[in-house]
Amino acid sequence: MPKNKNIIDKFNGICDALRRHDHELDWFKKDFATANKDLLESRTCKAMNWDWITKTTGFDALDTTSNRWKELKANCFTGNAQEGKGKISGKGKFHNVNAYNKINSFMLDPADLVFPLWVHGTLEAVIEIKPLYKNDRTQTRPANWILALRNKSMKSLNIHTVQELKEACTGTDRPQMSSPTIMMKDWINDDYTVTLLSDDLTEHAYTPSILKILKNEGVSL
């Protein structure tokens, strides 16, 4: 399904129409806008000065300055969190992933895994994670989260070797698989960068571990 290239204009139009109705505008930005994947992607790209890719294949964005692709997995907080649940935790689900081809693309293109952190419709920070293992001089060793994506895909398909994964993903009759989810524990020891876009973080919106990362206090799981 193609992405809506005009979503930013529509978003700005709705915001303009609601300017005199603060309550409705606030609700729209917190709830409806946060639930729109295309809108989150396009607004993230605008904030980071990336090109938004609206094609349905490949990655979500391109940083033309560094010539790096980006795979976006938005983490959103809308204020409905209960104690220990619903807070931003740095995870992303890969829907309908062709694991073998996707992993190769991450490694060779190369592409970064990106977590835009949205709180009440405001982009507060962006975490970018490299696909290669930290300090690997050969530039061939995959990052921990790449291995996690591979292993979770293999487990979902009930197979045990990379060759089997390749055959399952590149054959004409691809088997159905559940969507693997990359968690913070899968990438915390990888090479990542944090871009803060807010001077006043909404601290209660994050898990303690993510908050430590945003505050540059470091964390290891």
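Colleague: Is asparagine 67 buried or exposed here?
Modeller: In this predicted model, asparagine 67 counts as exposed, because its relative accessibility is 53% and the cut-off for exposed is over 50%.

Colleague: And where does asparagine 67 lie?
Modeller: Asparagine 67 lies in the loop between strand E2 (61-63) and strand E3 (68-72), and although it is not a glycine, its phi is positive, at about 60°.

Colleague: What about histidine 120, what is its phi near?
Modeller: Phi of histidine 120 is near 50°, again a positive value in a residue other than glycine; histidine 120 is placed in the loop between E6 and strand E7 (122-129), and with a relative accessible area of 26% it is partly exposed.

Colleague: Switching to the peptide bonds, which residues does the cis one join?
Modeller: The cis bond joins aspartate 109 and proline 110, with omega at about -20°, and proline 110 lies in the loop between H4 and strand E6 (111-119).

Colleague: How do the axes of H4 and H5 cross?
Modeller: The axes of helix H4 (residues 99-108) and helix H5 (residues 144-157) come within 10 Å and cross at roughly 170°, which means that H4 is roughly antiparallel to H5.

Colleague: Which residues make that contact?
Modeller: From H4 the contact uses Ala99, Ile103, Phe106 and Met107, and from H5 it uses Trp145, Ile146, Leu149, Arg150 and Ser153; by class, that gives 7 nonpolar, 1 polar and 1 charged residues.

Methods:
Residues numbered from 1 in each chain as written. Predicted model: local features only at pLDDT ≥ 70, side-chain atom pairs only at ≥ 80, totals over all residues. Heavy atoms only, no water. Axes fitted to C-alpha atoms, helices over the stretch in contact; angles between N-to-C directions. Helix = DSSP H or I, 4+ residues; strand = E, 2+ residues; numbered from the N terminus. Parallel < 35°, antiparallel > 145°, perpendicular 65-115°, else oblique. Contact = heavy atoms within 4.5 Å. Nonpolar A, V, L, I, M, F, W, Y, C, P; charged D, E, K, R; others polar. Buried < 20%, exposed > 50% of the residue type's maximum accessible area, 1.4 Å probe, protein only.
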